[in-house]
Amino acid sequence: MFLKQVYRYSKPMFLLMVLFALFQLFCFYKQGMVFAPWFNYGMYSGRVKIQPEYDVYALPGKYNGTTRWLLPQKDDRVLLALDWYNGQEANNLFFQKNVMGVCSKFRLKPDAAKFTIHVPEATFRRWYYPYASAWVVLPDSSLYDFKPRKAAWDGYRLQLKSTGTP
Amino acid sequence: MSVPVLFTSDDRYRFTKAFILVFYVLAAYHWLCGLFLYQLEPVLFHTRYDGTSWLLMQTGIHQWLLDNPAGCIVFDLLYYSFPAIYWFCCVKRQRLHPAVVGIPWLVFNWVYILCYVMYPSNSIEGHIAGLLLPFVFMQHKLPSFYYLLSGARYVFLFFFASAGLWKLRTGSLFEMEHMSAVLLVQHKEFLVAYPGHWYTEAVYFLVKNPVWSQSLFIISTVIELVFIAGFFTKRFDRILFWLFVLFLIADFWVMRIPYFGALPLALTLLYLSPRKTKTLS
């Protein structure tokens with residue numbers, strides 16, 4: 001057995017490995033907060049149902065579909081940035097609810113300024129347009145609010161609803 | 001009589017070489033996707049539900065990198081140089097003790113990766129090799145290297161097998177429309193941007209035919225669960241490695257998820273498997 005061999009070779013290494021494995025099993029069992037390098041590898045394990053409506057960032061690609069399909073990480077960097085910009089409030093609430101909650105159990109006081117974020121729209125706009133415009137076509141308007149649009153699933157295809165961003 | 005040959009310094013050399021080769025191929029792909037830190041030029045971050053990240057955030061280093069192109073370039077230079085420095089100083093010429101490069105490499109990788117995934121880039125799970133393997137590389141003694149590398153192999157096996165177990169636990173495996181719903185969530189931006197494209201039509205076909213899409217999900221779960229075998233024997237390691245490569249390709253095609261970052265950890269399946277035997281008379 002592997003652990004027996006490690007025990008014979010080095011007791012500190014054995015202890016390290018056993019603790020590592022136990023903590024990994026604990027994180028797997030709890031299915032909640034993680035501590036890098038102990039993660040939960042879900043890979044779309046949580047149950048998902050088809051929804052009648054989805055929030056979609058309707059940004060046509062600058063290149064054809066095949067090029068865009070081949071480089072999904074370019075999509076991630078452009079779309080995640082929008083998602084996180086819109087999710088600033090949720091991020092700050094997460095700090096108040098979760099980070100503060102966990103830290104208070106250990107009598108720790110995290111610095112709110114290090115965990116919360118307030119990027120003004122002007123700053124984001126100045127950064128995002130050159131950042132994303134090499135990959136997607138952005139609405140040519142200073143009124144673009146970076147918000148997602150609603151798309152309805154009609155059982156056949158996703159259809160963008162007419163109201164939303166300019 | 002055939003006996004397995006022990007892990008030799010030649011195996012160590014070949015594993016290190018393969019790791020570094022894969023690392024730089026992935027680096028080139030990252031650069032092409034604009035995923036170096038200097039290309040991301042982050043101005044915002046996101047707090048993850050990860051206690052280790054919170055410790056790092058308390059230092060404020062993730063904020064120092066915001067809107068700081070020079071800082072990002074320095075971080076990239078260090079992150080992408082360490083494997084090469086290790087290779088030339090500790091493997092090729094053996095001028096330095098592996099820990100001299102390995103310890104700063106490990107510490108810096110942790111700082112870089114934990115910061116990096118706070119910005120709009122990709123998930124931390126794909127960086128598990130970068131968090132763990134420098135600890136293996138800093139070992140001087142061959143048995144220490146071998147045992148820690150074997151430990152990393154078990155981490156990889158758990159990584160994959162646990163994803164399969166979780167699907168059993170949540171019951172998503174038995175939910176007929178699960179994969180169809182996942183495909184819609186995963187590709188909604190692409191579907192809206194490219195109506196009529198062959199990939200859009202392929203996704204719609206799978207969404208509208210849950211028997212097909214859920215079958216793919218079940219096959220991928222079975223592949224994940226097969227990795228449990230690795231906890232009991234190394235006999236199937238080569239097969240597991242190629243199953244993993246198949247999974248990566250399928251994941252890229254069906255889900256548009258490039259999970260290639262886990263590949264360096266999967267190499268443990270190739271270089272620890274008892275492929276060599278010596279015949280004794």
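Predicted model: local features only at pLDDT ≥ 70, side-chain atom pairs only at ≥ 80, totals over all residues.
Colleague: Why is H7(B) called largely enclosed?

Modeller: Count its residues. Nine of the 10 are buried, so H7(B) is largely enclosed by the rest of the structure. The buried set is Ile128(B), Ala129(B), Gly130(B), Leu131(B), Leu132(B), Leu133(B), Pro134(B), Val136(B) and Phe137(B).

Colleague: Which residues have the most contacts inside the largest nonpolar core?

Modeller: Ala152(B), Phe156(B) and Ala266(B). That core has 101 residues. H8(B) gives the largest share of it, 14 residues.

Colleague: What does Ala152(B) touch, leaving out residues up to four places away in sequence?

Modeller: Leu132(B), Leu133(B), Val136(B), Leu265(B) and Thr268(B). Leu132(B), Leu133(B) and Val136(B) are also among the buried residues of H7(B).

Colleague: Which residues are in the other core?

Modeller: That core lies apart and has five residues, among them Phe95(A), Val99(A), Phe115(A) and Met57(B).

Colleague: What makes H9(B) roughly perpendicular to H11(B)?

Modeller: The crossing angle. The axes of H9(B) and H11(B), residues 210–226, cross at roughly 90°. Angles of 65 to 115 degrees count as roughly perpendicular. H9(B) is therefore roughly perpendicular to H11(B). The two axes come within 7 Å.

Colleague: Which residues meet there?

Modeller: From H9(B), His178(B), Met179(B), Ser180(B) and Leu183(B). From H11(B), Pro210(B), Ser213(B), Gln214(B), Leu216(B) and Phe217(B). By class, this contact has five nonpolar, four polar and no charged residues.

Colleague: How many residues does each chain bring to the contact between A and B?

Modeller: Chain B brings 63 residues and chain A brings 65 residues. On the chain B side, H3 (51–57), H7 (128–137), H8 (142–170), H9 (178–193) and H10 (198–208) each supply at least two residues. H9(B) gives the largest share, 12 residues. The side of chain B that touches chain A has 34 nonpolar, 20 polar and nine charged residues.

Colleague: Now chain A. What kind of peptide bond joins Ala36(A) and Pro37(A)?

Modeller: A cis bond, with omega about 10°. Most peptide bonds are trans. Pro37(A) lies in the loop between H2 (11–30) and E1 (53–56) of chain A.

Colleague: What is the phi of Gln31(A), and what is that of Tyr44(A)?

Modeller: Gln31(A) has a positive phi of about 55° and is not a glycine. Tyr44(A) is not a glycine either, and its phi is positive at about 60°. Most residues other than glycine have a negative phi. Gln31(A) is in the loop between H2 and E1 of chain A, and Tyr44(A) lies in that loop too.

Colleague: Why is Tyr44(A) called buried?

Modeller: Because 22 other C-beta atoms lie within 10 Å of its own, and 20 or more count as buried.

Colleague: Why is Gln31(A) called partly exposed?

Modeller: Gln31(A) has 14 other C-beta atoms within 10 Å. Buried needs 20 or more, and exposed needs 12 or fewer. The count for Gln31(A) falls in between, so the residue is partly exposed.

Colleague: What confidence does the predictor give?

Modeller: The complex has an ipTM of 0.90 and a pTM of 0.91. Chain B averages a pLDDT of 91, and 95% of the residues score at least 70.

Terms used:
Residues numbered from 1 in each chain as written. Chains lettered and ligands numbered in written order. Contact = placed C-beta atoms within 7 Å. Helix = DSSP H or I, 4+ residues; strand = E, 2+ residues; numbered from the N terminus. Nonpolar A, V, L, I, M, F, W, Y, C, P; charged D, E, K, R; others polar. Axes fitted to C-alpha atoms, helices over the stretch in contact; angles between N-to-C directions. Parallel < 35°, antiparallel > 145°, perpendicular 65-115°, else oblique. Core = buried A, V, L, I, M, F, W, Y, C linked by C-beta atoms within 7 Å. pLDDT = per-residue confidence, 0-100.
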